[in-house]
Amino acid sequence: MSRIISYSTADKSHAIGFLGAAGHFTAEQERLAGIMRERAWAAQAEVDEQDLGWGLTVPEALEHLLAGHASSTAPAAGEAYADAMQIVIDRNSSDSLELAVYSKPATFFDALGRELLRVGVSADLLPGGFIMGGLPAEFPFRLPRPSHAMENFGFWPLEKTKPAADAYRAVQDQLDGNFTYEVEQLIQKLDFEHEGWAERQGIDSYTQDTIFFSITG
């Protein structure tokens, strides 16, 4: 089954600000939480159509996150929490864009990481580490792993998009040809996000600082 990797940009603190804040929402958070709840019911309808039976509904999972925990022990709670967390991120971020589609993203990024290391890219700039590395450490709790045992999320600070793109660009002509197209696409997207972020520095209303990656399918 193919898995889709998409991404959006956000102020990390805005997403974190909803986790555990139920009962203490600002008026704007209350409005957005209402939209999240509607989206959670729509997501659950899709789950029900597929008869997946996770043991925890997406609306229930969302309420857990808003209450500040992800403590369900249901057999497939990880799937419900992942859907709910995506709803929280989506409601606090820019429109989502597609990065790539892979049948086995973990396998691909492991191989790409080894290739980038071979040509001298620093381990802390390997794309698999941030595209599939999970949620930021500042998030107040960890989500149970989904049944496929692979992270559904990743993140990368916008201020680091240029260093990563520059590192990949510097070794492009040394890469195995099997990776050149994907690396070029990644460079283009990181450059685009850096340019947008850099242009908006100094604008008080612009506070986005993070790219959030999502792996679905």
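How does Glu184 count at 27% relative accessibility: buried, exposed or partly exposed? Glu184 counts as partly exposed, a class between buried (under 20% relative accessible area) and exposed (over 50%), with a 1.4 Å probe and protein chains only. You are looking at a predicted model, in which local features need pLDDT of at least 70, side-chain atom pairs count only at pLDDT 80 or more, and totals for chains, interfaces and linings use all residues. Residues are numbered from 1 along each chain as its sequence is written, and side-chain values use heavy atoms, with hydrogens and water left out.

- Glu184 sits in helix H8; helices (H or I, at least four residues) and strands (E, at least two) are DSSP runs, numbered from the N terminus.
- Tyr168 is 16 residues away from Glu184 along the chain, and their C-alpha atoms are separated by 8.3 Å.
- Thr161 belongs to helix H7, which covers residues 161-170.
- With a relative accessible area of 0%, Thr161 is buried.
- Beyond its neighbours within four places in sequence, Thr161 is in contact (heavy atoms within 4.5 Å) with Trp156, Leu190, His194 and Ile211.
- The side chain of Thr161 also reaches the backbone oxygen of Leu158 at 2.6 Å.
- Asp51 is found in the loop between H2 and helix H3 (58-67).
- Asp51 is exposed, at 68% relative accessible area, and has a positive phi of about 55° although it is not a glycine.

**Strand S1 and its partners**

- Seven of the eight residues of S1 are buried, so this strand is mostly covered.
- S1 pairs with strand S2 (residues 97-102) in the antiparallel sense over five bridges; two strands pair if DSSP finds at least two bridges between them.
- Arg3 stands opposite Tyr102 in S2.
- S1 and S4 also pair in the antiparallel sense, over seven bridges, and Phe212 in S4 is the bridge partner of Ser8.

**The largest pocket**

- A pocket is found on a 1 Å grid over the protein atoms alone: it is an open set of points where a 1.4 Å probe fits, with protein on both sides within 12 Å along at least five of seven lines.
- The largest pocket holds about 630 Å³ of space; grid points are joined across faces, edges and corners, and a volume is the space filled by probe spheres set on the points.
- Of the 26 residues that line this pocket, Trp54, Glu79, Asp83, Thr216 and Gly217 are the closest to its centre; lining residues have an atom within 4 Å of a point.
- Helix H2 (27-49), helix H4 (77-91) and strand S4 (210-216) each supply at least two lining residues, and H4 has the largest share, with seven.
- The lining divides into 12 nonpolar, seven polar and seven charged residues; Ala, Val, Leu, Ile, Met, Phe, Trp, Tyr, Cys and Pro count as nonpolar, Asp, Glu, Lys and Arg as charged, and the others, Gly among them, as polar.

**The second largest pocket**

- The volume of the second largest pocket is about 220 Å³.
- Among the 14 residues that line the second largest pocket, Thr9, Ser94, Phe192, Glu193 and Arg200 are the closest to its centre.
- Strand S1 (3-10) and helix H8 (180-199) each supply at least two residues of this lining, with H8 giving the most, five.
- By class, the lining of the second largest pocket has five nonpolar, five polar and four charged residues.

Definitions and conventions: A polar contact is a pair of N or O atoms within 3.5 Å; within protein, one must be able to donate a hydrogen and the other to accept it, and residues adjacent in sequence count only if both atoms are side-chain atoms.
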